Amino acid sequence: MQLCSFLGVLFVWGYFCSHEAKLIGRKQNIVNDRPVIGILTQIVSDAAMKQYGSTYIPASYVKYIESAGSRVMPIKLTLTTPQYENIFSRINGLLLIGGASNLETSDFARVSKIFYQLALKANEAGDYFPVWGTCLGMQLLTVLVSGHNLLTRATAVNVALPLNLTQAAFSSRMFDGFPKELMKALQREPLTGHFHHYGLAAFKQNKDLMDFFSLVSTNVGENGVNFISTIEGKKFPFYGVQWHPEVNRFQWDHTLSFPHSPHAVQLSSLLAQFFVNEGRRSLHKFDDFKEEALKLIYSYTPVFAGNFSGYEQIYFF
Ligand SMILES: *[C@@H]1O[C@H](CO)[C@@H](O)[C@H](O)[C@H]1NC(C)=O
Ligand SMILES: *[C@@H]1O[C@H](CO)[C@@H](O)[C@H](O)[C@H]1NC(C)=O
C-alpha cells in the first residue's frame, strides 16, 4: 500500500516534470476564467450556402467552444495585419475549422498564417496561446509547419472510426486524464467522424513535422492509405485532429456518420474542456467589457440550415 502510493507520487512527479519542461510556457497556470476563443471564419464553397454570405462558421463549432465555458469571437478574413494583431492581443486561443479552402492561396490560409506566426512568437516569449485545427484546420497546420502541402488522397468520407493510438497518445496532453474506459473505447468504437478526401500520409518522412508534432493517432482510409488523425505540438500548444469532435454533440443530419454514443459525447466534451482550459492559461484581454461585447458571436444570429446543408445552424458573415 505504502510502496504503491510512493511509486504513484514518483510517477506523477516524473510525468509532470518531463512534460512541463518540453512545452513552452505551460508553467503558466490556469488563471483566466473568462476566456474568449477566436474562430476564423471559413470561405463558403457550397453553392447552396452562397446566397447567405461569403464566409461562415457552422454553429456546431461555436457550441463546442461555449460548452466548455468559453465565449467565441468570429474573425473575418477581410481585415489588415494590424487589425489581426489587435485581435490576437485580445483572444485566448484560436480554432481553425474544417472546410474546403485552398491551403496555400486562400484568404483562410493567409489569415491563418498571420495568427500562426503571432502564436509562435508569443509562445516563445512565454505568452501562452493555444491553436487547434480541425480537419482542414489540421491540414493547414501541417502546411504552416512544414512549408509544404504534403497531402495525398486519403479518403474517409462520411465514416465514423476508432483511432489507432500511438504510444505517444498515452502521455499526450490532449488525452491526459481521460478515463481508462474511454481510452479503450477510443481504440475500439467508432467515436470519430471523418469527412475528408485528403490526408497526410508522409508525416514520418518530413523532419519539420516530426520535430514539431507528436503523432497521437493514425487511421487507414477507404483507399488503404494510412494518414495521421491526431497530432499535438511538442513545444507549442498546437493541436490537430483530422476528424470532427464537434459533430458528436452538435450535428444530427441522419444521413451523415455522426457518432452520438455516450463515449462519443464524452470524448467531445473532454476535448472541448481540454482546449478551453488551454485558453484559460492566456491572459490576453479586451480593453473593456464594452469592446468585448461588440466583438463576440452573440451579436450574430445563426441561420437554420438543416434544409440546405449537413449543418443544423450556420453563422454567415
Ligand atoms: C489501424 O491500423 C491497422 C493496421 O494498419 C489497420 O488495418 C486498421 O484499419 C486501422 N484502423 C483504423 C480504424 O483506421
Ligand atoms: C429552409 O427553411 C427556412 C425556414 O423554414 C426557409 O425560410 C428557407 O426558404 C428554406 N430554404 C430552402 C433552401 O429550402
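Let's start at the ligand: an oxygen atom of ligand 1 sits 2.2 Å from a polar atom in the side chain of asparagine 164. Keep in mind as you look around that this is a predicted model.

With valine 220 the backbone does the work instead: one of its polar backbone atoms is 2.9 Å from an oxygen atom of the ligand. On its own, ligand 1 has 360 Å² of accessible area, and the protein covers 51% of that.

Now step back to see who surrounds the ligand. The residues around ligand 1 are Pro162, Asn164, Asn219 and Val220.

From here, turn to the backbone, where two residues are worth a visit. Cysteine 135 has a phi near 55°, a positive value in a residue that is not glycine. You will find cysteine 135 in the loop that links strand S6 (131-134) to helix H5 (136-146). Is this cysteine buried or exposed? Cysteine 135 counts as buried, because its relative accessibility is 5%, below the 20% cut-off.

The other stop is asparagine 158, whose phi is near 60°, again positive in a residue other than glycine. Asparagine 158 belongs to strand S7, which covers residues 152-161. Its relative accessibility is 27%, so asparagine 158 counts as partly exposed.

Notes. Residues numbered from 1 in each chain as written. Chains lettered and ligands numbered in written order. Predicted model: local features only at pLDDT ≥ 70, side-chain atom pairs only at ≥ 80, totals over all residues. Heavy atoms only, no water. Near = heavy atom within 4 Å. Polar contact = N/O pair within 3.5 Å; in protein donor to acceptor, adjacent residues only side chain to side chain. Areas by Shrake-Rupley, 256 points an atom, 1.4 Å probe, with all protein chains shown as cover. Helix = DSSP H or I, 4+ residues; strand = E, 2+ residues; numbered from the N terminus. Buried < 20%, exposed > 50% of the residue type's maximum accessible area, 1.4 Å probe, protein only.
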